[in-house]
Amino acid sequence: MTPTTTPAPSSRNHLWRPYTQMKTAAPPLEAVATQGTRIRLADGRELVDGIASWWTAVHGYNHPHIATAVAAQLAAMPHVMFGGLTHAPAERLAARLAALLPGDLDHVFFSDSGSVAVEVALKMAAQLWLNRGVAGRTRVLAFRGGYHGDTMGAMSVCDPEEGMHRRFGAWLPAQVFCDLPGTRAEADALDETLRAHRDGLAAVIVEPLVQGAGGMRMHPPETLATVARLSRAHGLPLIADEVFTGFGRTGTLFACEQAGVTPDILCLSKALTGGTMTLAATVARTEVFEGFWSDDPAAALMHGPTFMANPLACAAAEASLDLFAREPRLDQARAIGRRLAAGLEPLRGALGVADVRVLGAIGAVQFARAPDLAALKARLLDHGVWVRPFGDIVYLTPALTIEAADLDRLIGAVAGVVAGQDG
């Protein structure tokens, strides 16, 4: 295929960047080093990272305990295939996750990314019915405003109208969508939708407490409890997508804890390794796992990413869990939340602000209409902070280890830009 234009020669023309119109986008900033909650650029500037590299670096960058664990594993065995082999880092990590997760979420399937963790969860739910001898359950009930990833199955359960995947509608499986049940009427509507579609549904999927990339929409634990109750009442497995909310971001280790909910399948990634390496996990309750326990080879879960359970990543994840066990990460998350609330709440009355939301170590300011994102990012950079607004929100999800001065700098930058006090 002949391109319509010939780019100027440059090594950077070989990179196809995420969520970026390559023809018109400004050149990206070049990072050369990280430390703590700072990113150093090639031009000498140092930025305070307000989003922990897409919500992953919960312990900050370059934590020595994680670095030491990864280095030791690299020297011993960087990788080995997981088909027909096993290794201690994966065995230990699976056991530790099972011990930390609520209820009998005891069976851990490792993969590479959050999107793949969701794909595996969808496949588990669909095959569970087939293994039970039930055909025709091919759809999933998801919630408007949700986001679950960029792969095809994950896209199909994202918000079909407002999300970035709307253009792919003709390619995607047709799912069932409903509003989160924040009111009695919405709960009744969800109940009726589940009843109407029950014979064709394989599962329900939800982001507990926060719909992250869909706009940092927050809901109380009671809403999650209602989703769980109605899913159970209609005999449907509940998938909790905690790719964003897992590992302390909401103030508890896992968001579903706040509602006293044990989902049937739970997805983890992002902060699983403390932001150092790619790893994900799809964790199932015993009842789900037993649906695949059979003498029939066809009943096995037919999924196996090449780099699943990578030993380096498992070592990083174990080290991250060590830090949650011995350092006050959850207290730090709650303290960040209090500081975010105090600093962002005055913006509620600012011109052009529709809402201010804080939950755990997440703070979001929603505009009445979508701003000029490029201009907003540039103004934030002028304050020496790395913050990536999207849609109609600007948000902060810093490392849980961020120092008070850096957190105040982030809050001050957002407040100044939103209120127009920075010119």
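Me: How many of the 5 residues of strand E5 (residues 139–143) are buried?

Reply: This is a predicted model in which local features need pLDDT of at least 70 and side-chain atom pairs count only at pLDDT 80 or more, while totals for chains, interfaces and linings use all residues. Residues are numbered from 1 along each chain as its sequence is written, and side-chain values use heavy atoms, with hydrogens and water left out. Buried means under 20% relative accessible area, exposed over 50%, and partly exposed in between (1.4 Å probe, protein chains only). Strand E5 is largely enclosed by the rest of the structure, because the number of its 5 residues that are buried is 4.

Me: Which residue in E6 is the bridge partner of Ala142?

Reply: Strands (E, at least two residues) and helices (H or I, at least four) are DSSP runs numbered from the N terminus, and two strands pair if DSSP finds at least two bridges between them. E5 pairs with strand E7 (residues 201–206) in the parallel sense over 3 bridges, with Arg139 opposite Leu201. E5 and E6 also pair in the parallel sense over 3 bridges. In E6, the partner of Ala142 is Phe177.

Me: What is the order of the 7 strands in the open sheet?

Reply: The pairing in this sheet is mixed. Strand E4 (105–111) and strand E6 (176–178) are the edge strands, each pairing on one side only. The order is E4-E12-E11-E10-E7-E5-E6.

Me: Which residue in E12 is the bridge partner of Leu268?

Reply: Strand E11 (residues 265–268) and strand E12 (residues 280–285) run antiparallel and are joined by 4 bridges. Within E12, Leu268 has as its bridge partner Ala281.

Me: At about what angle does helix H3 (residues 88–100) run to E4?

Reply: Axes are lines fitted to C-alpha atoms, for helices over the stretch in contact (heavy atoms within 4.5 Å), and angles run from 0 to 180 degrees between N-to-C directions. Helix H3 lies across E4, E11 and E12. Its angle to E4 is about 135°.

Me: Is Ser111 buried or exposed, and what is its relative accessible area?

Reply: Ser111 lies in strand E4. Not counting residues up to four places away in sequence, Ser111 touches Val116, Ala117, Leu279, Ala280, Pro305 and Met308. Ser111 is buried, with a relative accessible area of 1%.

Me: Which residue in E15 stands opposite Asp49?

Reply: Strand E3 (residues 46–49) and E15 pair in the parallel sense over 2 bridges. Opposite Asp49 stands Trp386.

Me: Is Gly182 buried or exposed, and what is its relative accessible area?

Reply: Gly182 is found in the loop between E6 and helix H6 (184–197). The C-alpha atoms of Gly182 and His219, 37 residues apart along the chain, are separated by 7.4 Å. Gly182 is exposed, with a relative accessible area of 56%.

Me: What is the relative accessibility of Met164?

Reply: The place of Met164 is in the loop between helix H5 (152–156) and E6. Met164 counts as partly exposed, its relative accessibility being 47%.
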